[in-house]
Amino acid sequence: MSKKVGIGTLLCLIASMSWGAMFPVAHSALQRMDPLYFSFYRYLFVTIILVVLLYFKEGKQAFRFEGFSRKLLFYGTMGFTLYNFMIFSGQDLMGESGTIVASIMEALMPMITIVILWYRTKSTPAKATLTSMTIALIGALLVITNGNLSFFMMARDHLLPVLLIFMGAIGWVVYSLGGGSFPQWSVLRYSTLTCLLGTVVSFVIVTSATLLQWLPAPHWNELLSIKYEMLFMIFFPGTIALLSWNAGMKMLSPVNGILFISLVPVTTFVVMSFQGYSVSLNEFYGALLVIFALIQNNLFQRKSVSQTSVRGESV
């Protein structure tokens with residue numbers, strides 16, 4: 001194993017395991033703070049850290065938008081406002097089961113990416129990819145419903161939170177795809193400017209909602225009561241995972257790196273088990289189906305890339 005592959009593997013492991021632990025930790029914090037303010041405060045501190053890092057690494061010129069202000073605002077809103085507001089609101093509404101649903105939706109992001117690219121390019125994915133997508137969907141539904149078909153009869157209680165989590169996942173996929181629009185920019189610069197603008201949008205939303213008395217502002221004591229959860233959310237899934245994932249993907253390539261996202265629900269299950277949550281067989285088997293679908297699709301992509309390379313060499 002080359003040094004580059006070893007470092008890339010470590011970075012992707014850190015990122016995926018941080019995101020897997022994020023949802024159980026968030027569940028604990030959301031019992032004491034509104035999900036919108038929780039998300040805003042989290043990325044307020046992440047933004048400060050990223051701004052300092054970017055300033056010392058690339059200087060003041062790195063903060064210029066260079067005519068991309070609208071694009072950066074859009075992707076920042078998708079990744080740091082829509083994603084966080086929706087996924088944590090949905091998780092909060094569903095309770096403990098929402099923690100697992102959120103982690104499964106995170107693992108489904110590669111499949112969501114394929115669907116979005118399918119829509120954009122109008123190019124139908126290969127049959128193997130469509131099969132993997134179907135298996136992943138079945139697995140996700142098994143986790144979401146916990147094998148209970150009455151879930152669909154009680155859609156009023158469950159459909160909204162699931163839809164919110166799904167919308168959040170789409171937001172992060174759109175944000176991730178947006179990085180390709182800035183090939184000349186460093187990972188740190190794209191992450192910092194989008195995080196900064198997304199946090200500004202979040203501030204406007206929570207402040208407006210509070211002034212209109214739709215959303216109560218948290219007391220200082222509430223923030224102090226979740227200080228350990230907040231510290232974890234800021235440094236690991238917020239800052240370290242964000243930068244580690246983007247850097248690891250560059251080192252390993254998307255085809256190899258995306259496989260690590262399957263560790264998200266695994267880590268979530270392990271952490272929740274330590275917290276005393278009893279994972280049902282339906283949730284366990286559903287997660288296995290999603291992971292199997294990701295691995296199956298990854299192997300197909302590797303084979304496709306290999307065959308393309310061989311054809312290129314023969315030409």
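A residue counts as buried when its relative accessible area is under 20%, as exposed when it is over 50%, and as partly exposed in between, using a 1.4 Å probe and protein chains only. By that rule Arg189 is buried, with a relative accessible area of 8%. Welcome to a quick tour of this predicted model, in which local features need pLDDT of at least 70, side-chain atom pairs count only at pLDDT 80 or more, and totals for chains, interfaces and linings use all residues. Residues are numbered from 1 along each chain as its sequence is written, and side-chain values use heavy atoms, leaving out hydrogens and water.

**Overall build**

- The protein has 13 helices and zero strands, where helices (H or I, at least four residues) and strands (E, at least two) are DSSP runs numbered from the N terminus.
- For 315 residues, a compact globule would have a radius of gyration near 20 Å, and the protein agrees at 20 Å; this radius is taken over C-alpha atoms, and the globule rule is 2.2 Å times the number of residues to the power 0.38.
- The C-alpha trace spans about 65 × 55 × 35 Å along its principal axes.
- Of the 315 residues, 47% are buried.
- The accessible surface is about 15,800 Å², with 69% of it belonging to carbon and sulfur atoms; areas come from the Shrake-Rupley method with a 1.4 Å probe, and for residues only the protein chains shown count as cover.
- Among contacts (heavy atoms within 4.5 Å) with a separation of 6 or more, 86% join residues 24 or more positions apart.

**The nonpolar core**

- A nonpolar core is a set of buried Ala, Val, Leu, Ile, Met, Phe, Trp, Tyr and Cys residues joined through side-chain atoms within 4.5 Å.
- The largest one has 84 residues, and those with the most contacts inside it include Trp19, Phe88, Ile104 and Trp245.
- Helix H3 (residues 69–94) gives the most to this core, with ten residues.
- Leaving aside residues up to four places away in sequence, Ile104 touches Ala140, Val143, Pro265, Ala287 and Val290.

- Helix H8 (residues 187–211) has 25 residues and should span 36 Å at 1.5 Å a residue, which agrees with its end C-alpha atoms being 36 Å apart; the expected span is 1.5 Å times one less than the number of residues.
- Just after H8, Gln213 takes a positive phi of about 65°.
- Arg189 lies in helix H8, and a polar contact of 3.1 Å joins its side chain to that of Glu66.
- A polar contact is a pair of N or O atoms within 3.5 Å; within protein, one must be able to donate a hydrogen and the other to accept it, and residues adjacent in sequence count only if both atoms are side-chain atoms.
- Beyond residues up to four places away in sequence, Arg189 touches Leu54, Glu58, Gln61, Ala62, Arg64 and Glu66.
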